[in-house]
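Hi there,

Here is the structure I promised to pass on. Have a look at it first, and then read my notes below.

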Amino acid sequence: MAWESSSAPSSPRRAWIRALVYGTVRLRGRLDRVLERHCGGPVREFDPEVRTALRMGAYQILEMDGVPDYAAVSQSVAQVKRTRRRGAAGLVNAVLRNVTAVRYGQQAFPDPAEDLAGYLETWGSHPRWMVRRWIRHFGAGAARRLIDANNREPAVYLRPVGMDAAEAEHALNRAGLHASVANAGSVCRLRRGVDPGDALRVVPGVIQDPAASLVVDYVSPDRGSVVADLCAAPGGKAMALTDIASGVVAADRSRQRLARVSEARRRLSARAWLVVADARFPPVHGAGTVLVDVPCTGTGTLRRHPDGRWRVTEHDLRVLTDVQRRILRGAAAVVPRGGLLVYATCALEPEENWGQVKRFLARHPDFRVQPGEAPERFLDSHGCLVVLPHESGFDGAFAARLRRVDG
């Protein structure tokens, strides 16, 4: 497309490109439903270059104000002509011209009253396996609200380190970087269009959604306690925890990912010590609080990472629950009597959240759920932290704070 010819696009152009790319990925299911009416077959069966041009062209036509239809079509055709599949330019031209004529149309999508799963898969643009399990777990109305929430552009938040949110708000606004204190999570919401990098140059901190920030607050380490964050990368929670703990041991099995934690530590001059280690076999002893923010499906962050909905599978869910179980077992082994173990995910799936904790407690009777600091609306009947996108407007998150007792 035309923007590809610019090697260093301006800030407004970068924002436009980001909106196009993220939006196309986010609404892939919706776009494919429209395109397939004119393609004669599934869009996924086209070569990647053709598939991408069709989807991005359709997104501009159907979802982006200010892009003339003729420009979206011509740019998509030009993009295909620059690839090894230049012979498909005629197909792209014909299909997108049909899209401009028909647009969404009244019969393009299933009636949600008759086929809610089909409607949420296509118009809602989520894989069917995910739609079905959310309808089963949350109920039809909540599943629909959740999917609607996932298809909205998320706000950007900054959690200050070394100052409170009110001080950070004042500093950002004084610098002309408009921000406001959020109603949860010790963070400031940046006004749309504010560059997060500019904000971080004014206020020491990390870019962090309120859901992740609520997890940090919920950890509530004992006074004077060192926190061992065993799955620390990319480091947002570890850096935020340096504000409320006497120090943080930040461990991760990936040296490359741990380099990002090192950069944040250097930028913030944070009290953190970095260790390359596998959380299943943690080389940590005597930490009063152990946090395992485990690898998960990430289904609570699909609005922020729209590719995740197409990447994760039911098989991944089965594999990850086994990994989580092993990490939880390994972490428990290094928690001293009286110490804390905090298990956290950014997933919505019950098998990864309370289901995992329930299984762990059945096998480890010397641990008890002991709620940490959190607004009451985010605590479930067990005392666990539960943040749902369609109820909060934030990402999704889960955390269980487990005290080891004499048992």
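**The four-stranded sheet**

Four strands form an open sheet in the order E2-E3-E1-E4, with antiparallel pairing. Strand E2 (179-181) and strand E4 (205-207) are at its edges; each has a single partner strand, so one side of each lacks a neighbour in the sheet. From one strand to the next, the twist averages 30°. Please keep in mind that this is a predicted model.

E2 runs antiparallel to strand E3 (residues 188-190), and three bridges join them. If you want a spot to look at there, Ser-180 stands opposite Arg-189 in E3. Helix H9 (residues 165-174) packs on this sheet, where it touches strand E1 (156-160), E2 and E3. The direction of H9 makes about 165° with that of E2.

**Strand E12**

- Strand E9 (residues 340-345) runs antiparallel to E12 and is joined to it by six bridges; Leu-341 has Leu-402 as its bridge partner in E12.
- Strand E10 (residues 367-369) pairs with E12 in the antiparallel sense over three bridges, and Phe-367 stands opposite Arg-404.
- Strand E11 (residues 385-387) is antiparallel to E12 too, over three bridges; the bridge partner of Val-387 in E12 is Ala-397.

Best wishes

Terms used. Residues numbered from 1 in each chain as written. Predicted model: local features only at pLDDT ≥ 70, side-chain atom pairs only at ≥ 80, totals over all residues. Heavy atoms only, no water. Pairing = 2+ DSSP bridges. Helix = DSSP H or I, 4+ residues; strand = E, 2+ residues; numbered from the N terminus. Axes fitted to C-alpha atoms, helices over the stretch in contact; angles between N-to-C directions. Contact = heavy atoms within 4.5 Å.
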